[in-house]
Amino acid sequence: MKILGIESSCDDTSISIVDNDKNIIANETLSQNQIHKDYKGVVPELAARNHVLYIDKILKLILKQNQIRITDIDLIAATVGPGLIGGLLVGLTFAKTLSQVNAIPFIGVNHLEGHALTIRLTNEVEYPFLLLLVSGGHSNFYFISNVNSYKFLGGTLDDALGEAFDKVANILELGFPGGPQLELLAQAGDYKKISLPKPLINSKNLDMSFSGLKTAVLNNSKKGKNDISNSDLAASFQKSVAEVLCKKISLAIDISNKESFNFKNVVVSGGVAANNYLRKKIINTVKSKGKSIFFPPPNLCTDNGAMIAWAGYELYRAGLKSKLNMKAKPRWPLENVRERL
Ligand code: KG4
Ligand code: ZN
């Protein structure tokens, strides 16, 4: 089977062709970073307009490059939510039209489900597994029992982690999106120069909070102390984030064990999972708890069409298909994923 995956929930227009043997035949992403950087964040209307401008061109390009005709495609999967409504409507309408005109089955995919299942495209990871999803919009723990069966365990009460990275990068004038630049800058810094808070690190549940940590960076940057550089602040921010994440992952494993969730593997996905510093710390923590740890490759941690194609394939294989009247869902928690209409 060849599956077409269409992702347009935020500022990346991404289309991919994946097959049922886990080959990524094509994965083309058009980033809109240059368009949004002057605004220091994604402007929804501009994002939607640019999806409209390029979505058909990306499809034509990948079909041509791989000498595939649209009628060779067996399943069309598109992100239905959560995300920015304008972008979702563009991708969804495009997918439904292709499905209707070419008589190809259509399946609507939850964006978080795409991030959750990517690891099964790139690695041999069996269900069930414990997932930490850390992206620009979400920072949550889930227990993934099977395709279409996801349990929310806890997560951030305010900013998503990627959002905190982007805002701190903005304070340190690193440009947008700031996650990768912040990681780079932190390499040159000394976290010992300044100690930043580790919000909710000792709470006995999986609640997290990153907005106070971001404000602490702002307050310290305003103090303008000569002996503390931006790289020291970046290093200390990452250190606090790593300590909180590791403590919470450890707790999530304990909670899951206590509730008799029987699992071997821990998966971390979403844009922030591309961060190498965090990866190293998390690997050590998870191994010390006797579990195996998996991350998708960095280019599949951030938004991409391949994750949507793969999740679509898993759903279809499980007997699911969507109707063409399926609506875009700007809010769609992963635990409500069964409400697929
Ligand atoms: O998953 P994603 O592409 O989009 C959402 O679903 O939100 O995640 C994007 C987020 C951005 O906030 C970006 O700054 C962050 O992931 N990110 C990183 C890194 N690469 C991307 N954060 C920290 N370190 C990185 N290397
Ligand atoms: Zn995402």
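Analyst: We take the metal site, then the other ligand. Keep in mind that this is a predicted model.

User: Which residues are the protein donors of the zinc ion (ligand 2)?

Analyst: Start with the atoms that count as donors: N, O and S within 2.8 Å of the metal. Here the protein supplies His 111 (NE2), His 115 (NE2) and Asp 303 (OD), at 2.0 to 2.1 Å from the zinc ion. Their spacing in sequence is H-x3-H-x187-D.

User: Where do His 111 and His 115 lie? And are they buried or exposed?

Analyst: Both lie in helix α4, four residues apart, about one turn of the helix. His 111 and His 115 are both buried.

User: Now ligand 1. How many residues surround it?

Analyst: The shell around ligand 1 holds 19 residues; the closest include Gly 136, Glu 183 and Asp 303. By type, the shell has five nonpolar, eleven polar and three charged residues.

User: Which polar atoms lie by the nitrogen and oxygen atoms of ligand 1?

Analyst: A side-chain N or O atom of His 115 is 3.2 Å from a ligand 1 oxygen. A polar side-chain atom of Asn 275 is 3.0 Å from a ligand 1 nitrogen. From the backbone, a polar atom of Gly 162 lies 3.1 Å from an oxygen of ligand 1.

User: How much of ligand 1 does the protein bury?

Analyst: Alone, ligand 1 exposes 560 Å², and the protein buries 88% of that. Helices α4 (111–122), α5 (161–171) and α6 (179–187) each give two or more residues to its shell.

Technical notes. Residues numbered from 1 in each chain as written. Chains lettered and ligands numbered in written order. Predicted model: local features only at pLDDT ≥ 70, side-chain atom pairs only at ≥ 80, totals over all residues. Heavy atoms only, no water. Near = heavy atom within 4 Å. Polar contact = N/O pair within 3.5 Å; in protein donor to acceptor, adjacent residues only side chain to side chain. Areas by Shrake-Rupley, 256 points an atom, 1.4 Å probe, with all protein chains shown as cover. Nonpolar A, V, L, I, M, F, W, Y, C, P; charged D, E, K, R; others polar. Donors = N, O, S within 2.8 Å, 3.2 Å for Na, K, Ca; no water. Buried < 20%, exposed > 50% of the residue type's maximum accessible area, 1.4 Å probe, protein only.
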